[in-house]
Amino acid sequence: MRVTLGRRKVAIIGGGITGLTAAFYLQKEAQQNNLPIDVVLIESSLRLGGKIHTLRKDGFIIERGPESFLDYNNSVRELAAELGIEHEMVTNNQGRTYVVVGSELNPIPSLLTYQGSLKVSSFITSGLFSLSGKLRAVGDLLLPKTRDDEDEPIGDFFRRRFGKEVVENLVEPLLAGTFAGDIDHLSIQSMFPQFYQLEKEHRSLILGMKKSSHQPNSQNESYQTFKNGLETLIESIESSLSPTSILKGVKVESIDKSKDGTVQIYFNNIPPLKCDAVIMTTPFNVTKSIFNTYGLLEDLPNMDYATIATVNMAFKQDELKKYKDSMNFFVSRNSNLSITTCTWTNHKWNNVAPEGYDLLRVYIGRVGDEAIVELSDSDIEKTVLQDLKTAIGITEQPLFTVVTRWKQSMPQYTVGHEKRIEMIKEQLHMEFPNVKLVGSSYEGISVPDCVSQGKEAALEMLKEMFQLQLT
């Protein structure tokens, strides 16, 4: 751990996908350009990967955390190619998506999915909305755009464009099932910049989506993962890194700067580490506590995070007699169900369950309903089974259930998020110009967003250190 004369040391704090990506690209560029740099990746738990966690059990591939990604910018595919695992990437099968209103499953219209070609007809014929709700939504074609560039809640934005009913029966269930967030606090600019831009450029969202719709079924418009689970990516990066560059089970307690411009990192169980630069990928509230002794960031509010649980259940296939063509369903707050979404994982992917079995993946918990996640595994299982009985008619017990809790794990980009992040980074840069903040708390929570942030931070740091022209 000693800094060698003439060499530079970069510490990466946090061993999730952002930190792993940063470590990979730092090591790769250092080797290719013969740079005198040592990289150390620091993770407080005993495993790497953060929320990406695949369980392989009796022929089932079970995702405890995220199970796929939309790779619009090909950041994950490029990383996979660098790792030699691009051939292991797979694309999802097609299937029907529903929304539960009350206890009824209604096919989802593609009006707001913003994937593939826009089919307004599916919206017009949908049972999700009353005639008055449909007429109000079509009013988007006539309404003016907002007169200012101020951020606003997602709920307000879509109510303004499509009306209350579309928001309650479509927008809110989709978001609750995906981000577990409160649409009346989440930022439209930060969460859905594409819709924000469509209104600015085209006035009407419907017209904008028709003009901007991509070719359907293109690879990066479909969900992707790896055939042996998403943790394949984590395992591959970890195996590519020098074993001596990884510290697990080590918690960073504080950071200070030395008179010579280097950074001193203090731990809970090992001596301090002196390094030339730091990439911090920890959640903002953790980062804030690390700088607390230095008095930095203390005037900024903590970030809100959602608490959820994923529940994976396996059934014999003959137990599920309906919805054979289904991929998933989302649940509106107008329903009597506690779950927020359910996916037929074996319909979505070909190889995640043995022949003759269904693997269902359910989310439970959202902002304002975190207490349910604190229930015991057996109580959560009972709640989920009751909801599945109501929604899709399941009556039998599962072969097995895997419950995974993610407490305070999903960042909530509330209104004004972009300006707050700008303030945070400016404040940090003034005191610690050689420390970078990246990760799901800042500029995107998806796997591709985190990969992009990790790569960009690594390349920027090398450019600053060695005045290099890297791409």
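## Exercises on strand pairing, helix packing and a salt bridge

Strand 12 (residues 263-267) pairs with strand 13 in the antiparallel sense, over three bridges. The model is predicted.

**Exercise 1.** Describe how helix 1 packs on helix 2: what is the angle, and how far apart are the axes?

Solution. 
- Step 1. Locate the helices: helix 1 covers residues 17-32 and helix 2 covers residues 75-83.
- Step 2. Read the geometry. The angle is about 50° and the axes are 12 Å apart.
- Step 3. Classify the angle. Angles under 35 degrees count as roughly parallel and 65 to 115 as roughly perpendicular, so helix 1 is oblique to helix 2.
- Step 4. List the contact. Helix 1 contributes Thr21, Phe24, Tyr25 and Lys28, and helix 2 contributes Glu78, Leu79, Glu82 and Leu83.
- Step 5. Sort these residues by class: four are nonpolar, one is polar and three are charged.

**Exercise 2.** Which residues of helix 2 and helix 15 meet?

Solution. 
- Step 1. Helix 15 spans residues 447-466, and packs with helix 2 at an angle of about 65°, the axes being 8 Å apart.
- Step 2. On the helix 2 side are Ser75, Val76, Glu78 and Leu79; on the helix 15 side are Val447, Pro448, Val451, Ser452 and Lys455.
- Step 3. By class, this contact holds five nonpolar, two polar and two charged residues.

**Exercise 3.** Which parts of the chain does the salt bridge between Lys200 and Asp149 tie together?

Solution. 
- Step 1. Check the distance. The closest N and O atoms of Lys200 and Asp149 are 3.7 Å apart, and the cut-off is within 4 Å.
- Step 2. Lys200 is in helix 8 (residues 193-202), while Asp149 is in the loop between helix 4 (131-138) and helix 5 (154-162).
- Step 3. The pair therefore ties together parts that are 51 residues apart in sequence.
- Step 4. For context, the structure holds 26 salt bridges.

How values were computed. Residues are numbered from 1 along each chain as its sequence is written. This is a predicted model: local features need pLDDT of at least 70, side-chain atom pairs count only at pLDDT 80 or more; totals for chains, interfaces and linings use all residues. Side-chain values use heavy atoms; hydrogens and water are left out. Two strands pair if DSSP finds at least two bridges between them. Helices (H or I, at least four residues) and strands (E, at least two) are DSSP runs, numbered from the N terminus. Axes are lines fitted to C-alpha atoms, for helices over the stretch in contact, and angles run from 0 to 180 degrees between N-to-C directions. Angles under 35 degrees count as roughly parallel, over 145 as roughly antiparallel, 65 to 115 as roughly perpendicular and the rest as oblique. Contact means heavy atoms within 4.5 Å. Ala, Val, Leu, Ile, Met, Phe, Trp, Tyr, Cys and Pro count as nonpolar, Asp, Glu, Lys and Arg as charged, and the others, Gly among them, as polar. A salt bridge is a side-chain nitrogen of Lys or Arg within 4 Å of a carboxyl oxygen of Asp or Glu.
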